[in-house]
Amino acid sequence: MTTLKSKLQDDLNAAIKERDELRSSTLRLTLAAITKEEVAGKEKRELSDDEVQKVITREAKKRREAAEAFAQGGRPESAEREKAEGVVLAAYLPQQLSDEELERIVTEAVNEAKAAGAEGPRAMGAVMKIVNPKVAGQAEGGRVAAVVKKLLAG
């Protein structure tokens, strides 16, 4: 078992013993998503820590989107629950980049892409190829794309 997955399992056991319903249900759902990912495909396999982290990131994103949908639908209690679950999952993810750090990394990538001959809106793909490996797990794709578009337009 990977170290991150075993940490989730240990934290789930602790949450159950402490009767922490929010943490235990959130961790159960996350471990179920990890197991589903492991058995997807032709044969069962063990996920690496990076793959487990991607599953956790995906689950956290689902919580954010659900919270927004519940808030817009006039269900504040459900929105709060989803936000709280997102906070639980955030503890297992790397620290997110601040807007300033992200903008600095994207600016460097834009300059690098322009030096390689990429110009205008078509440079978006070239810049994203440079930026994505540098910010993997530390910034959401949509957030990165928005900064890239802003800097290429400006």
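The structure described here is a predicted model, in which local features need pLDDT of at least 70 and side-chain atom pairs count only at pLDDT 80 or more, while totals for chains, interfaces and linings use all residues. Residues are numbered from 1 along each chain as its sequence is written, and side-chain values use heavy atoms, with hydrogens and water left out.

Helix α2 spans residues 21-39 (helices are DSSP runs of H or I with at least four residues, numbered from the N terminus). Helix α2 packs against helix α4 (residues 76-90) at an angle of about 70 degrees, with their axes 10 Å apart; axes are lines fitted to C-alpha atoms, for helices over the stretch in contact, and angles run from 0 to 180 degrees between N-to-C directions. The two helices, α2 and α4, are therefore roughly perpendicular to each other. On the α2 side the contact (heavy atoms within 4.5 Å) is made by E21, L22, R23, S25, T26 and T30, and on the α4 side by R81, A84, E85, V88 and L89.

The arrangement of α2 with α3 is described next. The axes of α2 and α3 come within 10 Å and cross at roughly 130 degrees. That angle makes α2 oblique to α3. The crossing of α2 past α3 is right-handed; a crossing is right-handed if the near helix is turned clockwise from the far one by less than a right angle, and left-handed if anticlockwise. Helix α2 contributes T26, L29, T30, A33, I34 and E37 to the contact, and α3 contributes V52, V55, I56, R58, E59 and R63.

Individual residues of these helices were then examined. T30 is located in α2 and is buried, with a relative accessible area of 0% (buried means under 20% relative accessible area, exposed over 50%, and partly exposed in between, with a 1.4 Å probe and protein chains only). Apart from its neighbours within four places in sequence, T30 is in contact with L8, I56 and L89. L31 is also found in helix α2, and at 7% relative accessibility L31 counts as buried. With neighbours within four places in sequence left aside, L31 is in contact with K5, L8, Q9 and L12. L31 and L12 are 19 residues apart in sequence, and their C-alpha atoms are 9.2 Å apart in space.

E59 lies in helix α3, which covers residues 49-72. E59 is buried, with a relative accessible area of 6%. The E59 side chain makes a polar contact with the side chain of R63 at 3.1 Å; a polar contact is a pair of N or O atoms within 3.5 Å, of which, within protein, one must be able to donate a hydrogen and the other to accept it, and residues adjacent in sequence count only if both atoms are side-chain atoms. E59 also touches A33 and L89, not counting residues up to four places away in sequence.

R19 is placed in the loop between α1 (3-17) and α2. At 76% relative accessibility, R19 counts as exposed. The phi angle of R19 is near 55 degrees, a positive value in a residue other than glycine.

The largest nonpolar core has 20 residues, of which L102, V127, V131, V135, V144 and V148 touch the most other members; a nonpolar core is a set of buried Ala, Val, Leu, Ile, Met, Phe, Trp, Tyr and Cys residues joined through side-chain atoms within 4.5 Å. At least two residues of this core are supplied by each of α5 (99-115), α6 (123-135) and α7 (141-153). Helix α6 gives the most to this core, with 7 residues. A second, separate core of 15 residues includes L4, L27, V55 and L93.

The axes of α5 and α6 come within 9 Å and cross at roughly 140 degrees. That makes α5 oblique to α6, and their crossing is right-handed. The contact involves L102, I105, V106, A109, V110, E112 and A113 of α5, together with A126, V127, I130, V131, K134 and V135 of α6. Not counting residues up to four places away in sequence, L102 touches L97, V135, A139, R143, V144 and V147. D99 lies in helix α5 and, at 52% relative accessibility, counts as exposed. The C-alpha atoms of D99 and A139, 40 residues apart along the chain, are separated by 9.4 Å.

Definitions and conventions: Parallel < 35°, antiparallel > 145°, perpendicular 65-115°, else oblique.
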